[in-house]
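Dear colleague,

Please find below the structure that I am handing over to you. My notes on what was found in it follow.

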Amino acid sequence: MMGFQPVLLWSDILVWGLVAAGSGFIRLVAGSPPLLSAWRRVGASPVGMAAATVLLAFVIVGLLDSVHYRPRLEGKPGEQAAYAVEVLSLFDALAAPLRSRQEKTYSEPFATRLYAKETLDLPGRGQVREYPRLKHGGAHLGEAEANRGADIARTAFRGALLGFLGWLAVAALATAGVARRLGIAHATAAGRIWRGETRFAWNAVLATGAAMAVLGVPLLTLAGDYHVFGTDKVGQDVLYQVLKSVRTGLIIGLVTTLVTLPLAIVLGIVAGYFRGWVDDLIQYVYTVLNSIPGVLLIAAAVLMMQVIIDTHPQWFSTAAERADLRLLALCFILGMTSWTGLCRLLRGETLKLRELEYIQAAQAFGVTSSRIIGRHILPNLMHIVIIALVMDFSGLVLAEAVLSYVGIGVDPTMISFGTMINNARMELGREPAVWWSLAAAFIAMFTLVLAANLFADAVRDAFDPRAA
């Protein structure tokens, strides 16, 4: 019998549905020369591919955190299997040391003692005020706390060396692939890669991968012995919180887009193509939505949804399911309030396209409106849709952080960049200030949003018809 019970959250279904849709989109691109040509221009962009490499690391963490289960509780032989109420993920299993090594309260990055003094009873000294020793951070040092700096340096060096060797293996595989595809020697292929003479920007990918390996692997290696980003008020490792926040940010950015795109595409094309009273009605709807302050509309919708959740506790068997429903509700609300800009843009472009000669010729030959929209209008709008898809992602991640900061974002029990920043707000008022939680959340969110923006710029340049 399995030692766990699989748990399928609604957000997990959407995440893996997006993965399946992405696989289908890749096959579509492979069979469409115009799309393939545009994405090859994206692949030739060094900045875009460097950003894509960083985004890939975030996506891998998010996918590992989207496989959930409930561990089986220990019981007597023959008893019916019982499972824990806590829902864990595959990422939680891999990061078990970070999740389980909980301290009493705050501790600084790489510290071996708590951040605040306490009254301790010491043999032969009575009661004294000292900084208590951490249970886990630097515990392997024993009494040799003075060797902490040297131990950190040695561990970081070993991790950097391990990361560099792993990067060399990946670089060798990439070089072998380029050499085999072009039919040239490995040394020649390596030279072309580093000079940027390949169709795909392998030099940017490998350079970014080298930086991530040399910096990331030592960080993970040190995380086994120290709290590299410190701990929060309840002693939880901040690095673990940062990594857990990645999934929340990705879901907010991607799932919200699933709600936004159908509304914007359908209503924008219908308004621009049919015009008349249909156009007037759709314009009235998005004008009314735009006239309502966005934060107030989102706050009202989130509070109404929270009332429904609170009055129906029987819907949820675990706290994770409750938090997951609120997350999806937030995605739906953000999607319902953020489609108006893209809709207006697609409406204007459709108004221009419907006046072109080949569209009017199709209408004169009696081609149905649905066929004209599907065969002629929509394909010529896809570059706008793709650009909007990647450019709106970073804005939605920031929106979640702002909403969670003011208390109307994700469930308080769910870890996200917004909840981390909200909790750090009070910590900054301490004396001395606790700064590392806010700094860690800021750096991680800054990296994610910057990578998304740089990749969006590369996609925009590749799909811009004026640059073709």
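Please keep in mind that this is a predicted model. Setting aside neighbours within four places in sequence, Leu 448 is in contact with Leu 55, Phe 58, Leu 250, Phe 393, Val 397 and Phe 417.

Leu 448 also belongs to the largest nonpolar core, which has 56 residues. Together with Phe 455 and Phe 463, Leu 448 touches the most other members of this core. Two or more residues each come from α2 (33-43), α3 (46-64), α8 (202-223), α9 (238-274), α16 (382-405), α17 (417-427) and α18 (436-463). The element that gives the most is α18, with 14 residues. Another core, of 23 residues, lies apart from this one; among its members are Leu 261, Ile 265, Val 278 and Tyr 286.

Is Phe 446 buried, partly exposed or exposed? Its relative accessible area is 46%, so Phe 446 counts as partly exposed, because that class lies between the limits of 20% and 50%. Computed along the chain, Phe 446 and Leu 398 are 48 residues apart, yet their C-alpha atoms are 9.5 Å apart in space.

With a relative accessible area of 9%, Gln 241 is buried, because the value falls under 20%. Not counting residues up to four places away in sequence, Gln 241 touches Asp 232, Gln 236, Ile 415 and Met 420.

With kind regards

Technical notes. Residues numbered from 1 in each chain as written. Predicted model: local features only at pLDDT ≥ 70, side-chain atom pairs only at ≥ 80, totals over all residues. Heavy atoms only, no water. Core = buried A, V, L, I, M, F, W, Y, C linked by side-chain atoms within 4.5 Å. Buried < 20%, exposed > 50% of the residue type's maximum accessible area, 1.4 Å probe, protein only. Helix = DSSP H or I, 4+ residues; strand = E, 2+ residues; numbered from the N terminus. Contact = heavy atoms within 4.5 Å.
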